[in-house]
Amino acid sequence: MVVQSITGVKPGVDGASRLAARGVTVEYGARTVLDELDVTVPPGVVTTIIGPNGCGKSTLLRTLSRLLKPAGGRVVLDGEDIATLRTRDVAKKLGLLPQAPVAPEGLTVSDLVTRGRHPHQSWLRQWSSDDADVVARALAMTGVSDLADRPVDSLSGGQRQRVWISMTLAQGTDLLLLDEPTTYLDLAHAIDVLDLVDDLHESGCTVVMVLHDLNLATRYSDNLVVMRDGAILAQGHPRDVITAELLHEAFGLRAKVIDDPVGDRPLIVPIGRAHVELGRFEPELQ
Ligand SMILES: Nc1ncnc2c1ncn2[C@@H]1O[C@H](COP(=O)(O)OP(=O)(O)OP(=O)(O)O)[C@@H](O)[C@H]1O
Ligand SMILES: [Mg+2]
């Protein structure tokens, strides 16, 4: 699939990072949720953040996209402090799919996806046929063209999720932040979306996503960021990062890590209580 034409992507800025958190602290009221955290998003790479519920993944993504203002530290986008950039300029560089977006009541799919083009409109630059083409391609890429005239709030959870991804793509940025893009999707549609992420990556996009499925995270990313309690436990290539010890430390999960028979990555096989009782649990992992 040719993705280049929709995003107008250019390869990521040369150098160490497209986006980085430097000593970022985020607080909700009196509670510190991210504590002096450092993360580097390398250009042209798929980075996936994994970690248990409530550890701060969405908070980190929202901070990286400037939706949340850190109490300490800074976020650097293409070499500039993101706090100094105008909202419209951030939106032209970076597209965010939030975790649980809500569309205004009655808004149709095509209207929602069209909103992705808003950062590109101004009184100098009105809506054009190019914008219409980008919207049509964004709808097609996530397989929701048939739903264009339906109100978003009349769709199933999975259809809705693909419509929101479509809106994020219509923004035409070469840096995408996707918070749980496969939520609500059946496995086949989840693979479709992750193959699309792979295509975007091949065309030069930088992608940061949050996934809960550890095996999909491992298979579809070259850089994993493992979080626990608002801190980074490990960061690097899945082959270097994923071990039974790390999974236990991050999630309290007992698992066996084996070679993926399909890909060239580790495969995580979780071990439940019943399997421990059956004696199928490796003694060194207990
Ligand atoms: N608006 C808010 N006000 C107060 N606390 C919040 C707010 N948003 C998140 N939190 C808290 O901050 C912590 C981190 O939340 P966050 O949404 O970043 O977690 P997460 O890792 O994305 O979890 P999940 O996997 O469930 O999506 C949690 O303890 C959560 O309850
Ligand atoms: Mg979250």
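Predicted model: local features only at pLDDT ≥ 70, side-chain atom pairs only at ≥ 80, totals over all residues.

Trainee: Which domains does the assignment give for the protein?

Mentor: Domain bounds come from an automatic or database domain assignment. Here domain 1 covers 19-104 + 172-236, and domain 2 covers 242-286. Taken over C-alpha atoms, the centres of domain 1 and domain 2 are 26 Å apart. Residues in contact have heavy atoms within 4.5 Å; domain 1 brings 14 residues to the contact and domain 2 brings 13.

Trainee: How is the size of an interface given, and what area do domain 1 and domain 2 bury between them?

Mentor: The size is often given as the accessible area lost when the parts come together. Buried area is the accessible area (1.4 Å probe) that two parts lose on being put together, summed over both. For domain 1 and domain 2 this is about 1,200 Å², with 63% of it on carbon and sulfur atoms.

Trainee: How many salt bridges and polar contacts are there between domain 1 and domain 2?

Mentor: A salt bridge is a side-chain nitrogen of Lys or Arg within 4 Å of a carboxyl oxygen of Asp or Glu. By that rule, two salt bridges cross the interface of domain 1 and domain 2. A polar contact is a pair of N or O atoms within 3.5 Å; within protein, one must be able to donate a hydrogen and the other to accept it, and residues adjacent in sequence count only if both atoms are side-chain atoms. Six residue pairs are in polar contact between domain 1 and domain 2, both residues being at pLDDT 80 or more.

Trainee: Which elements supply at least two residues each to the side of domain 1 that touches domain 2?

Mentor: Helices (H or I, at least four residues) and strands (E, at least two) are DSSP runs, numbered from the N terminus. The elements in question are α8 (214-220), β9 (223-228) and β10 (231-236). The largest share, four residues, comes from α8. By class, this side of domain 1 has seven nonpolar, four polar and three charged residues. In this scheme Ala, Val, Leu, Ile, Met, Phe, Trp, Tyr, Cys and Pro count as nonpolar, Asp, Glu, Lys and Arg as charged, and the others, Gly among them, as polar.

Trainee: How many salt bridges does the structure hold, and which residues do shared partners join into one network?

Mentor: The structure holds 10 salt bridges. One of them pairs Asp 78 with Arg 18 at 2.6 Å, N to O. Asp 78 is in the loop between β4 (72-77) and β5 (80-81), and Arg 18 in the loop between α1 (4-7) and β1 (19-28), 60 residues apart. Arg 18 also meets Asp 174, at 3.2 Å, N to O. Asp 174 lies in the loop between α6 and β7, so its pairing with Arg 18 ties together parts that are 156 residues apart in sequence. Lys 93 forms a salt bridge with Asp 78, with the closest N and O atoms 2.9 Å apart. Lys 93 lies in helix α3 (residues 87-93), so this pair ties together parts that are 15 residues apart in sequence. Through shared partners, Arg 18, Asp 78, Lys 93 and Asp 174 form one network.

Trainee: Is Lys 93 buried, partly exposed or exposed?

Mentor: Buried means under 20% relative accessible area, exposed over 50%, and partly exposed in between (1.4 Å probe, protein chains only). Lys 93 is partly exposed, at 27%. Asp 78 is buried, at 18%, and Asp 174 and Arg 18 are also buried.

Trainee: Where is Gln 171, and which residues is Gln 171 in contact with?

Mentor: Gln 171 sits in the loop between α6 (157-170) and β7 (175-179). With 9% relative accessibility, Gln 171 counts as buried. Leaving aside neighbours within four places in sequence, its contacts include Leu 94, Leu 96, Pro 119 and His 120. Pro 119 is found in the loop between α4 (109-115) and α5 (129-141), and counts as buried at 13% relative accessibility.

How values were computed. Residues numbered from 1 in each chain as written. Chains lettered and ligands numbered in written order. Heavy atoms only, no water.
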